[in-house]
Amino acid sequence: MHPPPPPSGGIGLKSAHFAQFLDAAARGAGPRWVEVHPQNYMMAGGPMHRWLEAVREAVPVSFHSVGLSLGDPDGVDLAELDRLAALCERYEPALVSDHLSWSSLSGEHFPDLLPLPMTRASLDHFAAQVAIVQERLGRAMLVENPSRMIAFAGDEYSEEQFLSELVRRTGCGLILDVNNVIVQSINLGIDAVAYLDAIDGAAVGEVHVAGHAIEEHGKERLAIDDHGSPVSEECWALLERLLARIGPRPVLVERDNALPAFAELAAEAARADAICERSLAHAA
């Protein structure tokens, strides 16, 4: 298994940037770790694997899954879990993660990560699925907080309480997505600072930053986690505050759509580097 990613800025690496990333890495430049969606590599061979092998030799790689559907009432997709386990055996990623969400039901798969009710029953079921994944992979996983547009009536936990209890029960860690908290502050009216302050820093294995889009509906605003915008200034400010409290962590710049030039992503990762370095002064 590779060592964990360094507490610095990384990028979600896309095929359009493979060559530029490897060229920068060969010169000792650019982001010092990357994250990939393992679902893009769930084939026996081919050029995608050749690229990933080269990337893995250069820097630590984190696997950020989007396909386990941990909140599916029928349980985790075991075929998908087997494919993920095989890929982990092949590449020994530094981290493996998925989401506090569900995306399949009765064998039907949906092109989105859907929210869960924050109830005791939901927590019991989700914790059981995390335990299945961790047993199959032989390692602790990370679970990412979602970007929600709605909350369910009858919720028995706040999201941060739900996540904290999940960590306590399963021993998993967290990806703390700062932009997702901002999205919820707009859509659900939560206090983003209070949310971040409620998360135990010891549970946070990775942090995500991103931008979002805003739709105007009369007097109402709807935030969309579009993964297609630069990191917002609000997100950078909250990241700085978070890391001043919990210390430096691997910080991923997320960009899946409207992909910019590699240099732009590398510059955002460098900005995350600087925030990580400043957080060391607070920890000293």
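Leucine 174 stands opposite valine 204 in strand E9. This is a predicted model, so every position described here comes from a prediction. Start from that pairing and look along the strands. Strand E8 (residues 173–177) and E9 run parallel, joined by 4 bridges. E9 also runs parallel to strand E12 (residues 251–253), and 3 bridges join those two. One of the pairings there is valine 209 with valine 253 in E12. How many of the residues of strand E9 are buried? The count is 5 of the 6 in residues 204–209, so E9 is largely enclosed by the rest of the structure.

Now move to helix H6. It covers residues 178–187 and is mostly covered, with 9 of its 10 residues buried. Among the buried ones are Val178, Ile182, Gln184 and Asn187. What caps the N-terminal end of H6? Aspartate 177 does, with a side-chain oxygen 3.0 Å from the backbone nitrogen of asparagine 179. Just after H6, glycine 189 takes a positive phi of about 80°.

Most residues other than glycine have a negative phi. Two residues here go the other way. Glutamate 92 has a positive phi of about 50°, although it is not a glycine. Glutamate 92 lies in the loop between helix H3 (78–91) and strand E4. Its relative accessibility is 35%, so glutamate 92 counts as partly exposed. Histidine 227 also has a positive phi of about 50° without being a glycine. Find histidine 227 in the loop between strand E11 (220–224) and helix H8 (233–246). Is histidine 227 buried or exposed? Histidine 227 is buried, because its relative accessible area is 15%.

Next, the aromatic rings. A pair of aromatic rings is described by the distance of the centres and the angle of the planes. The whole structure holds 3 aromatic pairs. Phenylalanine 18 and tryptophan 51 form a stacked pair, 5.3 Å centre to centre with 25° between the planes. This pair links distant parts of the chain: phenylalanine 18 sits in helix H1 (residues 18–26) and tryptophan 51 in helix H2 (residues 47–58), 33 residues apart. Their surroundings can be described as well. Phenylalanine 18 is buried at 2% relative accessible area, whereas tryptophan 51 is partly exposed at 33%. Another pair is tyrosine 157 with phenylalanine 162. Their ring centres are 6.1 Å apart and their planes stand at 90°, so this pair is edge-to-face. Both tyrosine 157 and phenylalanine 162 are buried.

Turn to charge. Side chains of opposite charge can pair when their charged atoms come close. The structure contains 17 salt bridges. One of them joins arginine 90 to glutamate 53, with the closest N and O atoms 3.3 Å apart. Arginine 90 lies in helix H3 and glutamate 53 in helix H2, so the pair ties together parts that are 37 residues apart in sequence. Arginine 90 is partly exposed at 39%, and glutamate 53 is partly exposed at 35%.

Glutamate 159 pairs with arginine 148, the closest N and O atoms being 3.0 Å apart. Glutamate 159 is in H5 (residues 159–170), while arginine 148 is in the loop between strand E7 (142–144) and H5. Glutamate 159 and arginine 148 are buried. Further along, glutamate 165 meets arginine 169 in a salt bridge of 3.1 Å, N to O. These two are 4 residues apart in helix H5, so about one helical turn separates them. Glutamate 165 is buried at 17%, and arginine 169 is partly exposed at 37%. Asp124, Glu165, Arg168 and Arg169 are linked in a network of salt bridges.

What about a buried charge with no salt bridge? Aspartate 98 is such a residue, and the nearest side chain of opposite charge, arginine 83, is 11 Å away. Aspartate 98 belongs to strand E4 (residues 95–99). Its side chain reaches the backbone nitrogen of leucine 68 at 3.3 Å. Aspartate 98 also touches residues including His64, Ser65, Met141 and Glu144.

Finish with glutamate 57, in helix H2. Glutamate 57 is exposed, with a relative accessible area of 64%. From glutamate 57 to glutamine 184 is 37 Å in space, C-alpha to C-alpha, and 127 residues in sequence.

Terms used. Residues numbered from 1 in each chain as written. Predicted model: local features only at pLDDT ≥ 70, side-chain atom pairs only at ≥ 80, totals over all residues. Heavy atoms only, no water. Phe/Tyr/Trp six-rings, centres within 6.5 Å; stacked < 30°, edge-to-face > 60°. Buried < 20%, exposed > 50% of the residue type's maximum accessible area, 1.4 Å probe, protein only. Lys, Arg positive; Asp, Glu negative; His and termini not counted. Salt bridge = Lys/Arg side-chain N within 4 Å of Asp/Glu carboxyl O. Polar contact = N/O pair within 3.5 Å; in protein donor to acceptor, adjacent residues only side chain to side chain. Contact = heavy atoms within 4.5 Å. Pairing = 2+ DSSP bridges. Lists of a residue's contacts leave out its neighbours within four places in sequence.
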